[in-house]
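Please keep the sequence and the structure in view while reading.

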Amino acid sequence: MHDIRNVLELARKSGAAVGHFNVADLVLLKAVFSSAQELDVPVLVGASEGEREFMGVRQIAALVRSLREESDFPVFLNADHTHTLEMAIEAAKAGFDSVVFDASALPFEENAHQTKGVVGALKAINPAILVEGEIGNIGTGSEIHQFAPDLSKYLTTPAEAKQFVEFTGVDVLAPAVGNMHGMSQKMVEGESKKHLDIERIAQIRTAARVPLTLHGGSGTDDEDLRQAIAAGISIVHINTELRVAWRSGLEEGLATEAHQVVPYKILPFAVESVKQVVLERLRLFNHRPQVPAREKTDAASTARERQEVS
Ligand code: G3H
Ligand code: ZN
């Protein structure tokens, strides 16, 4: 049986991080799971409150469980950015492997008190469940933002991280270290990158003594990500990059199959498009060699080739 704690421990020992990718439909789930299988690396599937509402809490749990059982592959399900105790309990009861309880919009003390309560309640349902807490401000919304907010005054300090972890008993901590949810249009076009405070990550990891998650991974500079992982980041969340790829793949499918109405002849374009992003990110997080651009183009045409032979 695959164990999420072992996976995190192994990743840390080998200087890697586990990729966490949000899904809102079967296209995204297929892309995430098949990318991880192709590279033979563990993966976390994330579903936020909105994504869970769309897919169904028990339905996404059943899907991921069936993938893990059928393939005996280390794929885990995380209830991302959960804002209430009720929603956290619902996810735990549905069989999620981990829950991110996010009360980071509240004052530090209130956040700590609520998070401690959630840790107790979830462990009573499933002692093996992993609970993550969040501190600092990294903005909201895995989408394209018109203006990137200046969040530099809300960065997490090592002292806060230590106090929060010791008080709440969280298994994993998500700090604010220069990261931000979502992307600007310039980031989507590759003209601008997010940068991280690597020294702060290393100090927080030493002080907190639990695995750290980097939220808001989309659009982050590759070298910063490598250094962040070396400094103590164990999980990296990516969402907006997948959503951008999902949309462009879907548009390609609709344009290529202009008169097609069969979903499974259009949607593979979106799966392939998302896969290219997931594969690239997983290679980076797991120190796998990057694929030259020509091969990427070849891979992007896989959906079309599949169409031709079917
Ligand atoms: O929890 C989700 C992530 O933190 C995703 O952030 O949309 O900037 O990749 P992102
Ligand atoms: Zn996040």
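Where does ligand 1 sit? Ligand 1 sits in the largest pocket. On a 1 Å grid over the protein atoms alone, a pocket is an open set of points with protein on both sides within 12 Å along at least five of seven lines, and a molecule sits in a pocket if more than half of its atoms lie within 2 Å of its grid points.

This is a predicted model, in which local features need pLDDT of at least 70 and side-chain atom pairs count only at pLDDT 80 or more, while totals for chains, interfaces and linings use all residues. Residues are numbered from 1 along each chain as its sequence is written, chains are lettered from A and ligands numbered from 1 in the order in which they are written, and side-chain values use heavy atoms, with hydrogens and water left out.

**The surroundings of ligand 1**

Ligand 1 is surrounded by 16 residues, of which the closest are D80, S142, G216, S218 and T240. A residue is counted here if one of its heavy atoms lies within 4 Å of the molecule. Strands β3 and β10 (233-238) each contribute at least two residues to this shell. Helices (H or I, at least four residues) and strands (E, at least two) are DSSP runs, numbered from the N terminus.

The table gives the distances.

| Side chain | Distance to an oxygen atom of ligand 1 |
|---|---|
| H181 | 3.0 Å |
| K194 | 3.4 Å |
| H215 | 3.2 Å |

Taken alone, ligand 1 exposes 300 Å², and the protein buries 99% of that area. Accessible areas come from the Shrake-Rupley method with a 1.4 Å probe, and for residues only the protein chains shown count as cover.

**The zinc ion**

Which residues coordinate the zinc ion (ligand 2)? The donor atoms are NE2 of H81, NE2 of H181 and ND1 of H215, at 2.0 to 2.1 Å. Donors are N, O and S atoms within 2.8 Å of the metal (3.2 Å for Na, K and Ca), and sites may look incomplete because water is not among the atoms. Along the sequence, the spacing of the donor residues is H-x99-H-x33-H. H81 belongs to strand β3 (residues 75-82), whereas H215 is in the loop between β9 (212-214) and α10 (222-231), so the pair ties together parts that are 134 residues apart in sequence.

Are H81 and H215 buried or exposed? H81 is buried, at 12% relative accessibility, and H215 is buried as well, with a relative accessible area of 1%. Buried means under 20% relative accessible area, exposed over 50%, and partly exposed in between (1.4 Å probe, protein chains only).

**Positive phi angles**

D72 has a phi near 50°, which is a positive value in a residue other than glycine. D72 lies in the loop between α4 (57-71) and β3, and at 54% relative accessibility D72 is exposed. For R209, which is not a glycine, phi is also positive, at about 60°. R209 occupies the loop between α9 (198-208) and β9 and is exposed, with a relative accessible area of 69%.

**Other residues along the chain**

E241 is part of helix α11 (residues 240-256). E241 is buried, with a relative accessible area of 13%, and its side chain makes a polar contact of 2.8 Å with the side chain of R281.

D102 is found in the loop between β4 (98-101) and α6 (108-125) and counts as buried at 11% relative accessibility. From D102 to T115, 13 residues apart in sequence, the C-alpha to C-alpha distance is 8.0 Å.

F147 lies in the loop between β6 (144-145) and α7 (158-168) and is exposed, with a relative accessible area of 68%. F147 and H259 are separated by 112 residues in sequence and by 38 Å in space, C-alpha to C-alpha.

L63 is in helix α4 and is partly exposed, with a relative accessible area of 37%. The C-alpha atoms of L63 and L26 are 9.3 Å apart, and the two residues are 37 residues apart along the chain.

How values were computed: A polar contact is a pair of N or O atoms within 3.5 Å; within protein, one must be able to donate a hydrogen and the other to accept it, and residues adjacent in sequence count only if both atoms are side-chain atoms. On a 1 Å grid over the protein atoms alone, a cavity is a set of points where a 1.4 Å probe fits but cannot get out, and a pocket is an open set with protein on both sides within 12 Å along at least five of seven lines; lining residues have an atom within 4 Å of a point.
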